[in-house]
Amino acid sequence: MSTVQQRTAPAGPAAARPALRLRLTPVVVVYLALVTLLVVGSVLVGLRGEVLLDQAGILNILTRSTALGLVAIGQTMVILTGSLDLSVAYLIGLTSLIAAETMAGQNGMIVPGVLLALAVAAAVGLVNGLVITVLKANAFIATLGVALILRGYLENNYTGPAGDVPRGFQHLGYDRIGPLPVAALLMLAVAALAWWYLSRTRPGYHMYAVGGDLEVARLSGVPTRRVVVTAHVLCSLAAGLTGIYLASRLGSGAPYVGTDAGYDLESIAAVVLGGTLLAGGRGGVIGTIGGVLILATLDTIFDDLEVDPFFKDVVRGVVLVTAVALYARRMMADRTRGRLT
Amino acid sequence: MTWRPRLAEGTAPVLVVLLLLLVGLAIVGPAYDEPSGYLALLKRAAPLMILAIGQYFVIVSGGFDLSVGALVTAGVVIAARLIDGDESATTPVILLVLGFGVLVGLLNGLITTKLLVPSFIVTLGMLLVLDGATFLWTDGAPRGALSAGFRTFGRGALDVPLLGEIPWSVLILLAILVAAALFMRSGTGRALVAAGDNEAAVRMSGGQVDRLRLLGFVLSGLLAAVAAILLGGFAGVSAQVGSGLEFRAITAVVLGGVLLGGGRGSVVAAAAGALSLEALFTLLNLLGVSGALESAVQGLIIIAAVAYASLGGGLRQRLRLRPKQCNTVQPAPS
């Protein structure tokens with residue numbers, strides 16, 4: 001819904017304003033915050049006689065962003081649709097294991113391993129979507145339930161890392177073009193694809209419509225069930241890619257690689273930090289990537305400053321709540337000014 | 001007029017499930033031939049039931065509280081560090097932990113209602129802050145020790161005339177449950193449910209939606225602190241004591257037929273949901289199902305419970321009121 005409204009907004013009262021004036025949309029705020037953070041971080045790290053954005057620093061930020069970025073791209077789609085996915089963390093562990101075990105150290109098995117992992121991920125996403133649309137379970141509970149089922153499977157069958165990723169595949173995790181890791185570029189490519197899908201295609205528009213108002217979307221002829229299921233399948237595929245990437249980095253599959261990093265709640269945090277409305281209907285992938293980069297930059301700065309790791313969590317929590325409070329204020333301000341929101 | 005038991009909507013299924021589980025326990029476990037077995041079950045379940053009651057107040061008014069698990073850990077760790085084995089510190093520290101719970105609830109509630117941040121995000125942020133701050137303060141690992149007096153509430157028992165030894169935690173649980181049930185029948189309690197059901201209507205009829213929601217969060221924080229005191233006594237000090245409890249409490253509430261998004265469900269059913277969950281784990285344990293599969297069973301059951309509630313109850317509700325959105329998560333509308 002809101003995309004359409006945003007597009008028509010300039011015809012309304014906003015048209016009276018200078019057209020070139022930069023509107024402080026959440027996306028703009030996120031990237032301004034990122035730049036500010038980089039500047040402040042560079043100064044702070046510089047005071048210690050080190051450089052934040054040297055080759056190693058950039059590499060560090062981008063490597064940290066890759067896995068979370070992939071999950072968060074998928075999470076953006078489900079959140080935009082008005083749903084959410086708590087099962088991604090266990091799914092990441094599961095797909096890393098499937099990929100690594102199928103490959104079993106043979107270069108020839110790389111493609112089947114990747115395909116099998118993605119197929120399982122898509123199946124889990126399909127289950128998520130069907131439980132939500134057909135059984136009409138609340139997304140929170142449906143995906144929590146699926147997460148618990150995956151957890152039971154993992155706990156029952158694995159005690160630790162398993163499988164073996166061939167050398168050839170580990171290039172994905174470690175190769176670089178100049179200072180840029182290949183995997184980070186691939187993540188950005190996936191993000192670009194998701195951006196194109198969400199803002200340039202009909203099914204993408206439908207996601208905004210369903211997230212904006214399910215009932216209105218349904219009455220307007222949007223196949224709401226199909227949209228929700230698609231969003232969940234895409235989200236799980238993104239989680240599957242994350243699992244495959246992490247397998248290539250670790251050299252094997254690990255059941256708790258997703259949960260140890262808390263990718264379920266962390267990805268939701270990144271999406272919301274990037275300005276996407278938790279209730280759905282507004283936001284997008286570009287903001288999400290900004291949110292991911294902010295989280296990664298914060299981590300890198302704290303590492304350089306040798307801050308207590310527990311302090312990071314505190315800052316993260318405060319940043320998250322503050323950001324969302326700011327977005328909420330802006331929306332309220334817009335509303336009182338009579339702008340369509 | 002025939003007398004009908006005044007069960008809130010959605011309470012009956014969870015009571016049936018609970019009854020089946022208890023019967024199952026009686027058949028499978030020899031320990032459940034006499035009341036003491038059930039008393040032990042109730043004692044084990046008390047912290048989760050109390051958390052579920054707290055979570056109910058937040059959920060029924062239209063929010064989520066993801067911070068209770070971290071709050072339980074924080075409560076136990078704070079108590080251990082401050083008491084440090086010193087018996088005389090017990091009472092002030094208990095009061096402090098309860099006060100801390102209220103404070104966290106107050107913060108959650110104020111940020112949600114005043115800054116218009118969805119409660120999911122607020123309490124997720126609070127989870128991160130609490131987890132980080134607790135361990136920042138204790139340098140990474142819980143230190144100190146709880147006093148015997150503190151631990152009495154979690155593992156001691158009181159000699160009640162006629163009934164014999166009743167664990168403290170069961171007595172505390174019953175007191176909270178009765179108070180909660182009475183509260184939900186009062187005007188404020190009904191307004192709390194109404195705020196979750198139709199915020200605009202409550203506002204127009206002069207209800208203070210923000211204050212009601214705030215109250216829900218404060219109660220949730222306070223009860224999480226109570227649960228921390230019981231768990232600290234029962235299980236001792238550990239950094240993992242509260243981990244995952246927020247999802248377990250939400251599961252219990254949902255199992256009790258309470259609608260996520262608010263507006264429907266009873267507090268007794270939420271507590272019964274928590275007891276069912278604990279009874280289920282005990283039963284699986286007795287049946288020799290490996291602990292690893294426990295969570296898978298839990299996952300299946302909550303999906304089934306929610307699907308039953310929305311599909312089975314759907315027809316009945318459609319005749320009376322417009323169906324609420326079931327597909328969307330609606331944490332505190334902003």
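Predicted model: local features only at pLDDT ≥ 70, side-chain atom pairs only at ≥ 80, totals over all residues.

The largest cavity has a volume of about 50 Å³, and the count of cavities of 30 Å³ or more comes to three.

The lining of the largest cavity consists of A:Glu266, A:Ala269, A:Leu273, A:Leu295, A:Arg316, A:Val319, A:Leu320 and B:Leu128. Sorted by class, six of the lining residues are nonpolar and two are charged, with no polar residue.

## Annotated spans of chain A

An unreviewed UniProt entry annotates as "transmembrane region" residues 27–47, 67–98, 110–131, 137–154, 177–198, 268–298 and 310–328 of chain A.

Two of these spans may be described by their geometry. Residues 110–131 of chain A are 100% helix and 0% strand, with end C-alpha atoms 32 Å apart. For residues 67–98 of chain A, the end C-alpha atoms lie 17 Å apart, and the span is 78% helix and 0% strand.

## Annotated spans of chain B

For chain B, the "transmembrane region" annotation from UniProt (unreviewed entry) covers residues 12–32, 89–108, 115–137, 166–184, 214–235, 241–260, 267–289 and 295–315.

Residues 89–108 of chain B are 95% helix and 0% strand, and their end C-alpha atoms are 28 Å apart. Residues 241–260 of chain B are 55% helix and 0% strand, with a distance of 26 Å between the end C-alpha atoms.

Note on methods:
Residues numbered from 1 in each chain as written. Chains lettered and ligands numbered in written order. Heavy atoms only, no water. UniProt positions renumbered as here; feature names shortened; annotations may be inferred. Helix = DSSP H or I, 4+ residues; strand = E, 2+ residues; numbered from the N terminus. 1 Å grid on protein atoms, 1.4 Å probe; cavity = no way out; pocket = protein on both sides within 12 Å on 5 of 7 lines; lining within 4 Å. Points joined across faces, edges and corners; volume = space filled by probe spheres on them. Nonpolar A, V, L, I, M, F, W, Y, C, P; charged D, E, K, R; others polar.
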